[in-house]
Amino acid sequence: MESNLFFILKNFLKKEDFKVNLKELKFQLLSHPSYPSLHSLTGVLSHLGIENLALEVPINVYTLQQTPNNFISLTKDGQFMMVNRVGSNFELLLENKEKKTKDAIDFLKDWSGIVVAAEIDDEKSQLTDKALGNTFSYAIYTFTGLILIGFFIAFAPEWWQLLHFGLAIVGLLISVLIVNNELGFKSKAVDSFCSGGESTSCHDVLNSIGASFFNFLKLSDLSIIYFVGLVISWLLVFSLGKTDSMIALLSLLAMPITLYSIYYQYIVVKKWCPLCLGIITVLWFQFGSLLMSGINFKDISLSFGNTAVALFSFLLAASIWIFIRPLLNGEQALQKLKIEHYKFKRSFDLFLSVLNKGVHLEPHLPTFAAKEIVLGNAYANVNILLVTSPQCFYCKAAHEDLEKVLNKSSDELNLTIRFNVNVKDNEGIGNLVCSRLLELNATEPAETLLKALRDAYTKDSDLKKWLQEWGVPVNHKTYSSILIAQQEWCVENEVHFTPAVFINGKEFPKEYQRTDLIYFIEDLTEQANNVRAGQEDVELVNS
């Protein structure tokens, strides 16, 4: 079943015309440590680069008039809803997919006062690949079906044989939709088709006891195997010059199963599965094509050749599906495990516990603090210190990772670049490149410095060519003194390897990837602000 909060968030972003990869959106939401809270929702919006605000406001008409035209909220009983203002009324989309329209007075009676609003920046909109992926999948299915039908037509079949074969492909496609539904690969069309009313539910029927045979095969498995086997049988019948007697017999034997399915849905489950009814319709049409062809079932010949072709076809279909089905189930289980893993890993309490195990280092160089390279918000309370060297191969990936973090949260943190190079080799290429970078930091705009840093730390960078392009430092002696102080800091604090990353003086935990920092910036900022506020209170009391 689709997550209630994901359903609301997906429709909210669609209403705001924000295009996003829905698969990634769902993963980020479900793996958030506080899911399914409003905090997880705002966290995902922030992760997508969407400015958002969550407030609890007074419940009155005046406040309601100040709310955005489209926002996410909660009812008084805690149900998520998307609210869309249309004139003087409010259209509500509830998490149970129910739609309501209320005037302001009725809306206020059931409103919690929670407002989650977002400001969509068109330049930051992320294009979705879901629609493209679905279009490609449907195109493959259609193309494969047309190829099979075209190949079958080449045998010059009778009209009823062509109709029977075409219906087998239709049945196979419906069977694929049933499997997708079971595995949780939802589509809006199928979902609305399967849950169109109180008396319809594909989920209830397909997961009932009667939809499983011998606790091994499900109705979806038998459906896939039957129609794949039927398609193979038809192709072999014409290829080998056999008769269609076994196919006719199979269509006849399928009729009691359809009657049982109708009985089971109507009497036992008391719900209809539209996809299952689609399969039943295909089987009845196939049987009808046989009757219209004038076939006499008494004349069906069960020769060894015909039986062998049918047996081989269905055994092949069963073998293929028995091999594929565990892979699909495994993929589904792996996705669930991945969500649980990241949900655990992204717990800030866990991250903070591991981070605080390290020894605290004083990250600042008081003498040269104003001359070091500092990117982002210099006044932010979250400081990332990267100890690096342009001659270090592994530092290139560290720069790329931390630049991604900086781009996501440039207002909430600052990134200090500290070099650890051989200062004894004053004319060494590493020394010259670092001096030039410090010089660019002091004399050029931040954009120029960032470009120089990227060029120096690209995977295929050539530092000699870099110096030719960016030039050698004009005041090498001045910046060499900074490099000496930086290396002395590294020696004093036993930082012997690059890259090394520190968060507010604590070494970044090896259990995490550097890009994981993106998920903790908000909590780190809140914690740092609380610490700063506490220190200011103490100073105020002491004064």
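Colleague: Which residue lies over the face of phenylalanine 27?

Modeller: Lysine 338 does, at 4.8 Å from the ring centre. Bear in mind that this is a predicted model.

Colleague: Noted. And what lies over the face of tyrosine 519?

Modeller: Arginine 346, at 3.7 Å from the ring centre.

Colleague: On to rings with rings. How many aromatic pairs does the structure hold?

Modeller: There are 19 aromatic pairs. Take tyrosine 226 and phenylalanine 227. Their ring centres are 5.2 Å apart and their planes sit at 80 degrees, so this pair is edge-to-face.

Colleague: Are those two buried or exposed?

Modeller: Both tyrosine 226 and phenylalanine 227 are buried. Tyrosine 226 also forms an aromatic pair with phenylalanine 314. That one is tilted, with 6.1 Å from centre to centre and 40 degrees between the planes.

Colleague: What does the pair of tyrosine 226 and phenylalanine 314 tie together?

Modeller: Tyrosine 226 lies in helix α10, residues 219-240, and phenylalanine 314 in helix α13, residues 304-345. The pair therefore ties together parts that are 88 residues apart in sequence.

Colleague: What are the relative accessibilities there?

Modeller: Tyrosine 226 is at 15%. Phenylalanine 314 is at 17%. The cut-off for buried is under 20%, so both count as buried.

Colleague: Which residues do ring pairs link into a cluster?

Modeller: Phe348, Phe351, Phe508, Tyr512 and Phe520.

Colleague: Now the largest nonpolar core. Which of its residues touch the most other members?

Modeller: Phe351, Ile384, Phe419, Leu437 and Leu517, out of 51 residues in that core. Helix α16, residues 429-443, supplies the largest share of the core, with six residues. There is also a second, separate core of 34 residues, which includes Leu206, Leu235, Ile247 and Leu275.

Colleague: Switching to strand β2. Why is it largely enclosed by the rest of the structure?

Modeller: Because five of the five residues of β2, residues 70-74, are buried.

Colleague: Which way do its side chains point?

Modeller: Asn70, Ile72 and Leu74 point one way from β2, and Phe71 and Ser73 the other way. In a regular strand, side chains alternate between the two faces of the sheet.

Colleague: How many bridges join β2 to strand β3?

Modeller: Five, and the strands run antiparallel. Leucine 74 has phenylalanine 80 as its bridge partner in β3. The two strands form a hairpin with five residues between them. Glycine 78, in the turn, has a positive phi of about 90 degrees.

Colleague: Last one. Where is leucine 64 placed?

Modeller: In helix α4, residues 61-66. Leucine 64 is buried, with a relative accessible area of 1%. Alanine 104 is 40 residues away in sequence, with 8.0 Å between the C-alpha atoms.

Conventions. Residues numbered from 1 in each chain as written. Predicted model: local features only at pLDDT ≥ 70, side-chain atom pairs only at ≥ 80, totals over all residues. Heavy atoms only, no water. Buried < 20%, exposed > 50% of the residue type's maximum accessible area, 1.4 Å probe, protein only. Helix = DSSP H or I, 4+ residues; strand = E, 2+ residues; numbered from the N terminus. Pairing = 2+ DSSP bridges. Core = buried A, V, L, I, M, F, W, Y, C linked by side-chain atoms within 4.5 Å. Phe/Tyr/Trp six-rings, centres within 6.5 Å; stacked < 30°, edge-to-face > 60°. Lys NZ or Arg CZ within 6 Å of the ring centre and 35° of its normal.
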